[in-house]
Amino acid sequence: YAAAPPFLPGASKGLCSASSPKWALSWQDDFAGASLNLSAWTVANNMTHGSQELQLYLHDDVYVQGGNLVLRTRFNPTYYGTKLYNYTSGWVDTMEKVFQRYGRFEVRARLPNPKSKRIWPAHWLMPDPAESGHICWPDGGEIDILESYGQMYNDSACGTFHFGTACGQDLRSGPNGRYPDVAGGAKPIDFSVDYHVFAIEWDKDCIKWFVDDHLYWERWTDDQTAPHGAHIPQTPFYFILNTAISWWGPAFGPHEPLMPVYHIIDRVSIYHAVQE
């Protein structure tokens, strides 16, 4: 990831508004119950995401505790078919259950220990297949509200936008967003110590990325760093929350000493814009 230019709250470029609209809550889960609300969430079990990631997603690594959703990643050798996965982790999503076109999407969370090599927590949005008709990546777009990478970009949060007009054709170009701008001299942040709010604001022309209400990156329809603009999505998207282990980056041995690590999510919220 390349460092993005530092944007201050209220900054704007392209077709992005210099200010945010008034927001009204559409949906929220603060995980106050004894268990996960399965009318809103689906828990992955015996699932992989791509052939190269090193973890297997198990429902045992997803649970509610103390008013938080916990996604645990651990050294837990498990076979799926004939393949051995040394690590298991957690994935939940709201596909075909909770989705919205445009608005503010935010997650208040503490990320896993950033010293854990290759740990890859993410909060992201994908086109809801029942509502959008987009059935393959990156047709329709992918909005990554938050990605972080243990021992690589563990001092900052990254925002990414993938898009395309055909299956497997990612038209993303230019740098991804990164906060804080450590390469530019900003003080690093350990996102595992305290809760932080990771959010995007999305309308028909623009997507803006925030950490704790600090605006740090934007993509817009006529963005000349992308071929023919950034193809801002126009269909409803749903949430995915997960922790992966990347196949690229610093190597580690057969047992990561810091595991298990925990991705702790306090709240997930979706807002819609209202007229003043």
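**Pockets, strand pairing and aromatic contacts in the predicted model**

The largest pocket is lined by 23 residues, among which His49, Glu53, Trp120, Glu142 and Glu147 lie nearest its centre. A pocket is taken here, on a 1 Å grid over the protein atoms alone, as an open set of points where a 1.4 Å probe fits, with protein on both sides within 12 Å along at least five of seven lines, and lining residues have an atom within 4 Å of a point. Two or more lining residues of the largest pocket come from each of strand E10 (119–127), strand E11 (142–147), strand E12 (157–162) and strand E17 (237–245), where strands are DSSP runs (E, at least two residues) numbered from the N terminus. The space in the largest pocket amounts to about 490 Å³, the volume being that filled by probe spheres set on the grid points, which are joined across faces, edges and corners. Its lining divides into 9 nonpolar, 8 polar and 6 charged residues, with Ala, Val, Leu, Ile, Met, Phe, Trp, Tyr, Cys and Pro counted as nonpolar, Asp, Glu, Lys and Arg as charged, and the others, Gly among them, as polar.

The structure is a predicted model, in which local features need pLDDT of at least 70 and side-chain atom pairs count only at pLDDT 80 or more, whereas totals for chains, interfaces and linings use all residues. Residues are numbered from 1 along each chain as its sequence is written, and side-chain values use heavy atoms, with hydrogens and water left out.

The second largest pocket has a volume of about 210 Å³ and is lined by 17 residues, of which Pro21, Trp23, Trp202, Asp203 and Ala273 lie nearest its centre. Strand E14 (196–202), strand E15 (206–211) and strand E18 (261–274) are the elements that each give two or more residues to this lining, which comprises 7 nonpolar, 6 polar and 4 charged residues.

E14 and E15 pair in the antiparallel sense over 5 bridges, two strands being regarded as paired if DSSP finds at least two bridges between them. Within this pairing, phenylalanine 198 has valine 211 in E15 as its bridge partner, and a hairpin of 3 residues joins E14 to E15. E15 also pairs in the antiparallel sense with strand E16 (residues 214–220), over 6 bridges. In the hairpin of E15 and E16, which has 2 residues between the strands, aspartate 212 takes a positive phi near 50 degrees, and tryptophan 209 stands opposite tryptophan 217 in E16.

Aromatic contacts were counted for rings of Phe, Tyr and Trp (its six-membered ring) with centres within 6.5 Å, planes under 30 degrees apart being stacked, those over 60 edge-to-face and the rest tilted. By this rule the count comes to 14 aromatic pairs. The rings of tryptophan 209 and tryptophan 217 have their centres 4.6 Å apart and their planes at 50 degrees, so this pair is tilted, and both residues are buried. Tyr102, Phe105, Trp202, Phe237 and Phe239 form one aromatic cluster.

E4 pairs with strand E5 (residues 68–80) in the antiparallel sense over 4 bridges, with valine 64 opposite leucine 69 in E5. E5 and strand E6 run antiparallel and are joined by 5 bridges, whereas E3 and E6 (residues 83–89) run parallel and are joined by 3 bridges.

Key. Buried means under 20% relative accessible area, exposed over 50%, partly exposed in between (1.4 Å probe, protein chains only).
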